[in-house]
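The following note concerns the structure shown below.

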Amino acid sequence: MTDSKQKQDFSERIQRIQQKHGTPPPPQVQTEAPPSEPAPKGHNLRNAMIWAILAAMAGVGGFYGLMMFDEWKLSQAAAPDNQSAPQPQPKPVKDVRQITDQGWSIPSPGLATADREQLTVLDVATGFDPAGQDAPPTVLIPFAVNSECTFKRPQPNDVVYNVRMETGTLPTTTHVFSNRAIANALIDHIEGVQVSKKHFQTGSRAQGRMFAVDVFVTDTSAPVYLVLQSFRQNVIWNLQLAKGVSLSHVAMIGENSGLVAPEQDVPFEAFRISDFVTNFEFGANNDPGPCMVAPWRRPQAHWPAQAKADNGNDLYTNQIYSFNTGYRAFDAWYRQVMGVPADTNVTAPHSAAHVLVGDLPDQLIEYRSMAGRDVYVSENDFTLIGDDTFEDTHIMLLTAAVGGDLALLDPAPQEVSRQ
């Protein structure tokens, strides 16, 4: 095989390899070989063997070289410009929300938002410690509730935000209850032991536990007027303010309301629902009246109750009718008092531990629990911190109610003479 034939074979192999990998062959440059002396005949065999070896080595090396080159190009296309390894993708946030007939219940660390976006408290705050949520406050400071059926009206430059839910989801060791509530509980307890033998009533206690809700306020565009409302249980509102937020007023509606002493010296007031509405049941308090402070929530399309009503379930049809009627009555009162509709800037989950008022902050808020802080609570007959104190109070009052000896509730059998 001549030298020219070997070179031609080698060139054709290179072209086939390039075509296989989609690489266009390099342009062929024709050069004129300089004249040379003819090689001695004795070297022809040696030259043929050398060319054969070089051609084989070049063919194999060229093939693997092209493959390695292709892999290098792919790695360069996948790697970032700084040549660093791909960064691990963040794990998806676990959805802690729980759907109820009346919308989402959002336990900690979930964060309730106006648009129901799936967020957690870690998206707005730093320093949040779930283990410290049940730490008690330093002292409870009673304040008088408003009995005039009207709040301070927002100023023209205020922006009104409205948080409305059934209850919070962070239980505290704070309890508030009235003489009437504890009397009813004691009557149920005595009846359960002596009369009806309804043992589920034995040990009845007044439902006075308060639940905490964190309210993260981020709107710095104007002074913020907050309307904080719970329908079914007692709530302590803990305001967490972003840098630059200015509060103009805090208005609370609930059976009993509490407010962790805010960072700013802001005026606040509260209504007790039972002072104006005697019954919370469906259809019992949804007629428009001069003072309609029961904070009904407008039914939403994502409520399972709404879907069941749409499918003809009579029970849910009645409930949705009652919700809509109650909301219209509440909205009429709200517009008169606040000057804006009740759904203005509203966040209205079924229940929640943390609520966002405004947009996500540019800088995370330094979280503050109620531990070691003063808490204002609507005045009541009993205001206690600690579950043991709560139980001791009930036992003391129950003992007094039955004449000083709990054994009198269930006396031992006595023999009766038939003489």
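1. H394 touches F177, I182, A185, L186, S204, R205 and A206, leaving aside residues up to four places away in sequence; contact means heavy atoms within 4.5 Å. The model is predicted: local features need pLDDT of at least 70, side-chain atom pairs count only at pLDDT 80 or more, and totals for chains, interfaces and linings use all residues. Residues are numbered from 1 along each chain as its sequence is written, and side-chain values use heavy atoms, with hydrogens and water left out.

2. H394 belongs to helix α6 (residues 387-401); helices (H or I, at least four residues) and strands (E, at least two) are DSSP runs, numbered from the N terminus. H394 counts as buried because its relative accessibility is 1%, where buried means under 20% relative accessible area (1.4 Å probe, protein chains only).

3. In helix α3 (residues 179-194), the buried residues are I182, A185, L186, H189, G192 and V193. These residues fall within an arc of 125 degrees seen down the axis of α3, so they line one face of the helix; the arc is that of the directions from the helix axis to the C-beta atoms. Their cover includes β9 (170-177), β21 (382-385) and α6.

4. An open sheet is formed by five strands in the order β15-β13-β11-β7-β16, with parallel pairing. Its edge strands, β15 (268-272) and β16 (346-347), each pair on one side only; two strands pair if DSSP finds at least two bridges between them.

5. Strands β11 (residues 224-230) and β13 (residues 247-254) run parallel and are joined by six bridges. L228 has M252 in β13 as its bridge partner.

Terms used:
Buried < 20%, exposed > 50% of the residue type's maximum accessible area, 1.4 Å probe, protein only.
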